Amino acid sequence: MDRIFAPWRIEWVERDADPIDGCPFCVLPEREDAREARVVARSERNYVLLNNAPYNPGHAMVIPDAHVEDPTGLDDATLLDHAKLKAATLAALRRDVNPDGVNTGQNLGGDAAGGSIDHLHTHVVPRWSGDTNFMPVTGATKVIVEAIDRTYDHLHAGFAADDAVVDPGDAEAGEAVELDFGV
C-alpha cells in the first residue's frame, strides 16, 4: 500500500465535532467567524464559500442566501447579483491564485446530478495544466497541495482588490470581504 504524508490534515482529524443542524449553506454564513465558516466574500444577496473538500486549491462556491434548489427560484436581482459575484470570484482567483483555467458549474437535480445539498450553489474550480496526473488516474487519490487556510488568505486578498469592495474585511479577524454590485 502506498502512503501519502499529509501532516496538515491532523487539524481536521482532531477538530471538535461540528454538527450542523439544517442546511449547511444556510447555517455557515450566519456564523460570527467568516474565516472559520470558510465564507470568504459576501454581496447583498449571495456569498462565496470555500469548498471543504476541494477538487483543487481555490475551489469555491457562489451561493445565494435564499434557500432554493434551482436558478429558476431566484428573483432577477439575486440572479444578477449571483452572476456578478461569480465573475468577481473568477477575477479574485486569477489575481491571487493564478490558475491556467477555471471550471464553473451547478449540480441540479440532487443525487441524480451528483449533488448532495439541495441549496443552489455554483462551483468555481481553478485548474492547472497537468492537475490531473497519475495520482487520480492510477492511484484513485487526489493530492491537494495547499491547506484551506492558506487558500482562504489568497482568495480573500483577491476579493479585497475588487472594484466593487465596500469593506475589505480582515481575514485574520474572521471578516469576509463585502462587495456591492449596485443590483
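In which loop is Asn98 found? Select Asn98: the residue sits in the loop between α4 and β4 (101–105), where helices (H or I, at least four residues) and strands (E, at least two) are DSSP runs numbered from the N terminus. The model is predicted, so local features need pLDDT of at least 70 and side-chain atom pairs count only at pLDDT 80 or more, while totals for chains, interfaces and linings use all residues. Residues are numbered from 1 along each chain as its sequence is written, and side-chain values use heavy atoms, with hydrogens and water left out.

Stay on Asn98 and check the backbone. Its phi is near 60 degrees, a positive value in a residue other than glycine. Most residues other than glycine have a negative phi. Asn98 is exposed, with a relative accessible area of 55%; exposed means over 50%, buried under 20%, and partly exposed in between (1.4 Å probe, protein chains only).

Next, select Arg38, in the loop between α3 (34–37) and β1 (39–42). Arg38 is not a glycine, yet has a positive phi of about 75 degrees. Arg38 counts as buried, at 19% relative accessibility.

Move to Arg95 in helix α4 (residues 76–96). This residue is partly exposed, with a relative accessible area of 38%. Show its neighbours: leaving aside residues up to four places away in sequence, Arg95 touches Gly158, Ala161 and Asp162, a contact being heavy atoms within 4.5 Å. Draw a line between the C-alpha atoms of Arg95 and Gly158: they are separated by 5.5 Å, although the two residues are 63 residues apart along the chain.

Now go to Asp167 in strand β6 (residues 165–167). Asp167 is partly exposed, at 37% relative accessible area.

Finally, zoom out to the whole chain. Six helices and seven strands make up its secondary structure, in the order α-α-α-β-β-β-α-β-β-α-α-β-β from the N terminus. Of the 183 residues, 38% are buried. Among contacts with a separation of 6 or more, 62% are between residues 24 or more positions apart. The accessible surface comes to about 10,300 Å², of which 50% belongs to carbon and sulfur atoms; areas come from the Shrake-Rupley method with a 1.4 Å probe.
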